[in-house]
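Hi everyone, thanks for making time for this one. Please have a look at the model on the screen, and I'll talk you through a few things in it.

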Amino acid sequence: MTDIKIALTRIKFNGADVPPFLDNELELKNKTFIFAKNGTGKYTLPEATRIQKSNEFDVHIFKRFESVLGENDKLNTIALAMEAGENQQKIKELEKVKLVKAAERERIVSSLENPNEENLDNYFTKIKNYQNQLNEKKKMSDKFFMNLVNILVLIKTLH
């Protein structure tokens with residue numbers, strides 16, 4: 001980025017008996033932070049930058065949140081367009097659809113996790129039933145082999 005130089009001598013700082021800057025020129029870098037007491041020209045400086053450099057740069061100035069709030073005073077629902085009212089209505093409609101979809105999703109998840117007579121035949125329930133049957137078969141198999149080992153030990157001790 002090119003450094004931007006602002007002529008401080010061309011700026012009138014209201015209420016300042018003494019100029020707030022020592023130099024006649026201010027050099028702005030890629031990122032410039034300005035800290036100062038209230039009433040020392042923090043809002044005057046960006047306006048002077050806009051006036052002096054608007055032919056060279058596209059200068060936009062943020063002055064407090066009130067300048068960008070929508071009619072509902074929420075930053076998260078601003079529509080920056082000519083059709084802002086239309087867009088706001090579309091946002092409200094989509095939020096309603098989102099609520100309906102969330103409720104439908106919650107109902108489906110609940111029916112999968114807590115099966116009843118209506119939804120006993122869903123995939124989740126079938127998998128759960130198959131896992132239970134598999135666990136029972138494993139228990140039976142383990143019991144069978146333990147009995148077999150016990151019988152073999154008994155036979156060996158008898159010989």
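Let's start with the lining of the largest pocket: helix α1, residues 44-53, gives the largest share of it, with four residues. Do keep in mind that this is a predicted model. How much space lies in the largest pocket? The value is about 500 Å³. There are 20 lining residues, and the closest to the centre of the pocket are Leu28, Thr32, Ile34, Pro46 and Thr49. If we sort the lining by class, we get twelve nonpolar residues, along with four polar and four charged ones.

Now let's step back to the whole chain. The protein has two strands and three helices, and the order from the N terminus is β-β-α-α-α. It has 159 residues, of which 12% count as buried.

Next, please turn to the surface. Which residues form a nonpolar patch there? They are Phe144, Phe145, Leu148, Ile151, Leu152 and Ile155, and together they have about 580 Å² of accessible area.

Let me pick out Leu148 from that group. Leu148 sits in helix α3, which covers residues 123-158. Is Leu148 buried, partly exposed or exposed? Its relative accessible area is 36%, so Leu148 is partly exposed. A patch residue needs over 30% relative accessible area, and Leu148, at 36%, therefore passes that cut-off.

That's my tour, and I'm happy to go back to any part of it.

Note on methods:
Residues are numbered from 1 along each chain as its sequence is written. This is a predicted model: local features need pLDDT of at least 70, side-chain atom pairs count only at pLDDT 80 or more; totals for chains, interfaces and linings use all residues. Side-chain values use heavy atoms; hydrogens and water are left out. Patches are made of residues with over 30% relative accessible area and no salt bridge: like charges are joined within 9 Å, nonpolar side chains (Val, Leu, Ile, Met, Phe, Trp, Tyr) within 5 Å. Accessible areas come from the Shrake-Rupley method with a 1.4 Å probe; for residues, only the protein chains shown count as cover. A salt bridge is a side-chain nitrogen of Lys or Arg within 4 Å of a carboxyl oxygen of Asp or Glu. Buried means under 20% relative accessible area, exposed over 50%, partly exposed in between (1.4 Å probe, protein chains only). On a 1 Å grid over the protein atoms alone, a cavity is a set of points where a 1.4 Å probe fits but cannot get out, and a pocket is an open set with protein on both sides within 12 Å along at least five of seven lines; lining residues have an atom within 4 Å of a point. Grid points are joined across faces, edges and corners, and a volume is the space filled by probe spheres set on the points. Ala, Val, Leu, Ile, Met, Phe, Trp, Tyr, Cys and Pro count as nonpolar, Asp, Glu, Lys and Arg as charged, and the others, Gly among them, as polar.
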